[in-house]
Number of protein chains: 2
Amino acid sequence: MNVVGIVVEYNPFHNGHLFHLQESIKETDADIVIAVMSGNFLQRGEPAITSKWNRTKMALASGVDLVIELPYVFATQKAETFANGAISILNALKCNTLCFGSELGVIDPFVATNEFLLEKKQEYDQLIKKYVKTGVSYPTAMTLAFKELTEGKALLDLSLPNNILGFHYVKSIALQKAAITPHTIKRTSANYHDEDFSSPTIASATSIRKAIFSNESIHNITSYIPPCTVEGLNHYIQENSILHHWEEYFQLLKYTVMTMTLEELRFIYEMEEGLEYRMKKFIGESTNFKEFLEKVKTKRYTWTRLQRVCTHILTRTTKLQLKHMNSNETSPYIRLLGMSKSGQNYLRSIKKHVPLPIVSKLSSFKHPFIEVDIKASFTYNMIFQEPNRSYLIKQEFAQTPITV
Amino acid sequence: MNVVGIVVEYNPFHNGHLFHLQESIKETDADIVIAVMSGNFLQRGEPAITSKWNRTKMALASGVDLVIELPYVFATQKAETFANGAISILNALKCNTLCFGSELGVIDPFVATNEFLLEKKQEYDQLIKKYVKTGVSYPTAMTLAFKELTEGKALLDLSLPNNILGFHYVKSIALQKAAITPHTIKRTSANYHDEDFSSPTIASATSIRKAIFSNESIHNITSYIPPCTVEGLNHYIQENSILHHWEEYFQLLKYTVMTMTLEELRFIYEMEEGLEYRMKKFIGESTNFKEFLEKVKTKRYTWTRLQRVCTHILTRTTKLQLKHMNSNETSPYIRLLGMSKSGQNYLRSIKKHVPLPIVSKLSSFKHPFIEVDIKASFTYNMIFQEPNRSYLIKQEFAQTPITV
């Protein structure tokens, strides 16, 4: 039986995702597709446009068989940790193949690069340190170090975001000795960060979100998203009168930063020395999230990194809570969000051999990491009006996996 | 020169307050009236209906010469601490007389009761302990202990809220050896907690607030408040489209309780053992503040006490921040909110002999207690929309005392 794993955010699910999903099935001749999906907060340190439940429905409607939540402690992290969490889940669920999209579209350089860097680890780490000392951000230092180390060699271009993620998937597979064959599909048309529409049917999630929020409507993006997304977004708006955006959470962020002492801010996960002063300095006068981040930003911090710290402030995720977290951490549980009939059968067939607890209902499982997921879910729902807010909080505990 | 001190909340300023103010001036033949006023959060653990600045204007318009903010660390506390803070400010400002309203209206029993309890301190404390053990709240235990101790003696009725406050003023004056003569004026018509209108011109602040919030208008209460209050409230509503009420802050409270761990909640000032569990248990399902408090309440906690703890959660006031606070604490500064011409002259004349720093502008003074005032002010303003919110936050630092 061929089981293909994919790692997704679906924010929202669009034609590019559909293409990747269908190609993954076709190229690996898959019987089962398992998607590990970020929950309510995403890798770039942002709230997802709709809840994980809504996005799970989109995934199931498009042919995914099992949707698993990537826990918050992995989903809101740098590529390395993000990949380790995702691969550990796919491995526990006996995936044979991992299929990821990349700018390159050929798998060998990913494998070769991983081997090369394992070999040159010491040299690479020293180069990174050297560049960090010049005052650039850590990701920039990595890119520069990699460039210097591999000059003249035909290896991967690690300045491209999907190549970076793909590289870390391959690295995680090797690290975890997972019985997963990595496979990559070339991304077509839209680049990750593209904010323009250059293809008539494919656009990046970034450009789609931008269009939704600037027009306060999904009318003008319907050619870039499949019908299930149109329906899903419309349903969400109808039920909740809202699509989620950092700006909606700015009041809560401002309130938290203003009422926390410097000492308390310092306890926030990923809060780096000095950053708490900049945040305290600029929060009072900032009237929106973008303005705040622009003021706080220096070349030392990437925008994404700042957004992640803000997400941790918002969800009050502390260093203490994640004290056991390291970058090689693997997921301690499998939170099942949704399944198709085939997914259900597949899960039944492997259940006895899955080394991790499968969490179908939140109230049935306890773990420090899932406590963080719960807080993230509360925070995500906090912008709703009552009684919807209380209903959704209760629902998060009562909800069983969505089935189709 | 006769200087009379009064301790007020003016939430909002009404005809009963006006009567008390005018009687205080008349009966003490006062040249100067100094009002120590709670800031944005009040003794019953509630946000004030309008900001301290707005209420300062009402006070000045009605004949008060100096309005001083009672710092948050005294204003949101039990009568004993509240009184100690207020008396220490009035004493530092060289008041000769303190004038308070009481159910009784005669001063001797207040003085006699204080002397009696000083004498019987040990016995009294033991009786309180005995009653606390039966599971009643601390204030109830005090009332019962007092009743048992004074049976058959013609002393004060300490079950009446204004008698309690008055008693603590008298006690504070004695404790601080303040050169202040206490004087009391009988309250007319409306009792403190009255929610009905029985007089054509005098109503309690509670009944006035209730009428405002149930009708979302101040139209039907204009016979109970002087013109300056009508104008003040109208102006505030016009500028801010809001009058403050606990329900407006419920989202922030819910967010904070839901994202704090039990350990973090335990660090909140006045959080008593066990209460954090009840709060965590009921917050998710509660759709409003009243519902939440009704669920959390047991006979062990008074409603006021619960409201105060919620206020401390809201402003994130921790045990650590107030670690040096004790019930005999006196105010370490005098925060000047407003002054009349006479008030200004008076202040100039005594300035050299005032033993505490006079804070005319927030940015010019540092103290752990004033940090708490600042957080309380931020929190109070957090329910406004931007850019008004940012403007008011900035204003809190820039504002000089209001003069008339």
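Start by selecting helix α9 of chain A: its buried residues pack against α10 (227–240) of chain A. Helices here are DSSP runs of H or I with at least four residues, strands are runs of E with at least two, and both are numbered from the N terminus. Contact means heavy atoms within 4.5 Å.

Before going on, some housekeeping. This is a predicted model, where local features need pLDDT of at least 70 and side-chain atom pairs count only at pLDDT 80 or more, while totals for chains, interfaces and linings use all residues. Residues are numbered from 1 along each chain as its sequence is written, chains are lettered from A and ligands numbered from 1 in the order in which they are written, and side-chain values use heavy atoms, with hydrogens and water left out.

**Stop 1: α9(A).** Which residues of this helix are buried? Colour A:A205, A:T206, A:S207, A:I208, A:R209, A:A211 and A:I212, the buried residues of α9, which covers 205–215. Buried means under 20% relative accessible area, exposed over 50%, and partly exposed in between (1.4 Å probe, protein chains only). Now step to A:E216, which follows α9(A) and has a positive phi, near 50°.

**Stop 2: all of chain A.** Zoom out and you'll see 18 helices and eight strands. The C-alpha trace spans about 55 × 55 × 45 Å along its principal axes. Of the 404 residues of chain A, 58% count as buried. Take contacts between residues at least 6 apart in sequence, and 74% of them join residues at least 24 apart.

**Stop 3: where the chains meet.** Select both sides: 31 residues of chain B touch 31 residues of chain A, counted as being in contact. Together the chains bury about 2,500 Å², with carbon and sulfur atoms giving 58%.

**Stop 4: B:M339.** Finish in chain B on strand β6 (residues 334–339), where B:M339 is found. Is B:M339 buried or exposed? Buried, with a relative accessible area of 11%. Leaving aside neighbours within four places in sequence, B:M339 has contacts that include B:L60, B:D65, B:L66 and B:P401.

Methods:
Buried area = accessible area lost by both parts, 1.4 Å probe.
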